[in-house]
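Here is a friendly walk through one protein model, from its packing to its pocket. Please have a look at the sequence and the fold before reading on.

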Amino acid sequence: FMDGLTVSRMTFKEISPIVPYIKQARMRVRDNQNTVWFGAKLGDELVCVVSCVLRQAYIYYNTDFVRKEYRNKGIYARLFEERDKYVLTLNRDLIKAKCTRNSLSHYLKNGFVAIGPGKSLTSVEKRIG
């Protein structure tokens, strides 16, 4: 199953096929020149995306999304790892994110600390470097 998986950095245009699914999940999708996208494809089908926004003082992890039928198969973990590797090359010392119930445990397992519970999102951060 993971044999046909390709993970790569992508443009916003390349991730656009998954945007309707993200919006359907009531998540916001924003793109600007400081956003770096990563996608996972099974064959020709885009099944998972994550992004990071490069801010002056820190990196913000944003838009982690896996299509429902592909969840709990390790695809998200693989893409998360790819994004982490990229971020380590950026010479910043802080990563921040807001997590849903779906992603929170993965963030905590990867060294992030919860800094504030919100209504539906939990703020987390991780010091690096």
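## Burial and ground rules

A residue is called buried when its relative accessible area is under 20%, exposed when that area is over 50%, and partly exposed in between, using a 1.4 Å probe and protein chains only. This is a predicted model, in which local features need pLDDT of at least 70 and side-chain atom pairs count only at pLDDT 80 or more, while totals for chains, interfaces and linings use all residues. Residues are numbered from 1 along each chain as its sequence is written, and side-chain values use heavy atoms, with hydrogens and water left out.

Helices (H or I, at least four residues) and strands (E, at least two) are DSSP runs, numbered from the N terminus. Contact means heavy atoms within 4.5 Å.

Let us begin with Met-10, which is found in strand β1. Its relative accessibility is 10%, so Met-10 counts as buried. Trp-37 is 27 residues away from Met-10 in sequence, yet the two C-alpha atoms are 5.3 Å apart in space. Leaving aside neighbours within four places in sequence, Met-10 is in contact with Ile-15, Trp-37, Phe-38, Gly-39, Lys-41 and Leu-46.

Cys-99 is found in strand β5. With 0% relative accessibility, Cys-99 counts as buried. Leu-121 is 22 residues from Cys-99 in sequence, with 5.2 Å between their C-alpha atoms. Once neighbours within four places in sequence are left aside, the contacts of Cys-99 are Leu-104, Tyr-107, Ser-120, Leu-121, Thr-122 and Val-124.

## The nonpolar cores

A nonpolar core is a set of buried Ala, Val, Leu, Ile, Met, Phe, Trp, Tyr and Cys residues joined through side-chain atoms within 4.5 Å. The largest one here has 28 residues, and those with the most contacts inside it are Ala-40, Cys-48, Cys-52, Tyr-61, Ile-75, Val-87 and Tyr-107. At least two residues of this core come from each of β1 (5-10), β2 (35-42), β3 (45-54), β4 (59-66), α3 and β5 (94-99). Which element supplies the largest share of this core? That is α3, with six residues.

Ala-40 shows how such a residue is surrounded. Apart from neighbours within four places in sequence, Ala-40 is in contact with Leu-5, Thr-6, Val-7, Glu-45, Leu-46, Val-47, Cys-48, Ile-75 and Leu-79. There is also a second, separate core of ten residues, including Ile-15, Val-19, Ile-22 and Val-29.

## Helix α3

Helix α3 covers residues 75-87, 13 residues in total, and reaches 19 Å from its first C-alpha to its last, close to the 18 Å expected at 1.5 Å a residue. That expected span is 1.5 Å times one less than the number of residues in the helix. The buried residues of α3 are Ile-75, Tyr-76, Leu-79, Phe-80, Arg-83, Asp-84, Tyr-86 and Val-87.

## Salt bridges

A salt bridge is a side-chain nitrogen of Lys or Arg within 4 Å of a carboxyl oxygen of Asp or Glu, and the structure holds six of them. Two involve Glu-82 of α3. Its bridge with Arg-78 has the closest N and O atoms 3.0 Å apart, and these two helix residues are four residues apart, about one turn of the helix. Glu-82 also forms a salt bridge with Lys-85, with the closest N and O atoms 3.8 Å apart. Arg-78 is partly exposed at 29% relative accessible area, as are Glu-82 at 21% and Lys-85 at 47%.

Elsewhere, Arg-67 forms a salt bridge with Glu-45, the closest N and O atoms being 2.7 Å apart. Arg-67 lies in the loop between β4 and α3 and Glu-45 in strand β3, so this pair ties together parts that are 22 residues apart in sequence. Arg-67 is buried at 9% relative accessibility, whereas Glu-45 is partly exposed at 30%. Glu-45, Arg-67 and Glu-69 are linked in a network of salt bridges.

## The largest pocket

On a 1 Å grid over the protein atoms alone, a pocket is an open set of points where a 1.4 Å probe fits, with protein on both sides within 12 Å along at least five of seven lines; lining residues have an atom within 4 Å of a point. Grid points are joined across faces, edges and corners, and a volume is the space filled by probe spheres set on the points.

The largest pocket holds about 1100 Å³ of space. It is lined by 34 residues, of which Met-27, Asp-64, Lys-98, Thr-100 and Ser-103 are the closest to its centre. The elements giving two or more residues to this lining are β4, α3 and α4 (101-109). The largest share, seven residues, comes from β4.
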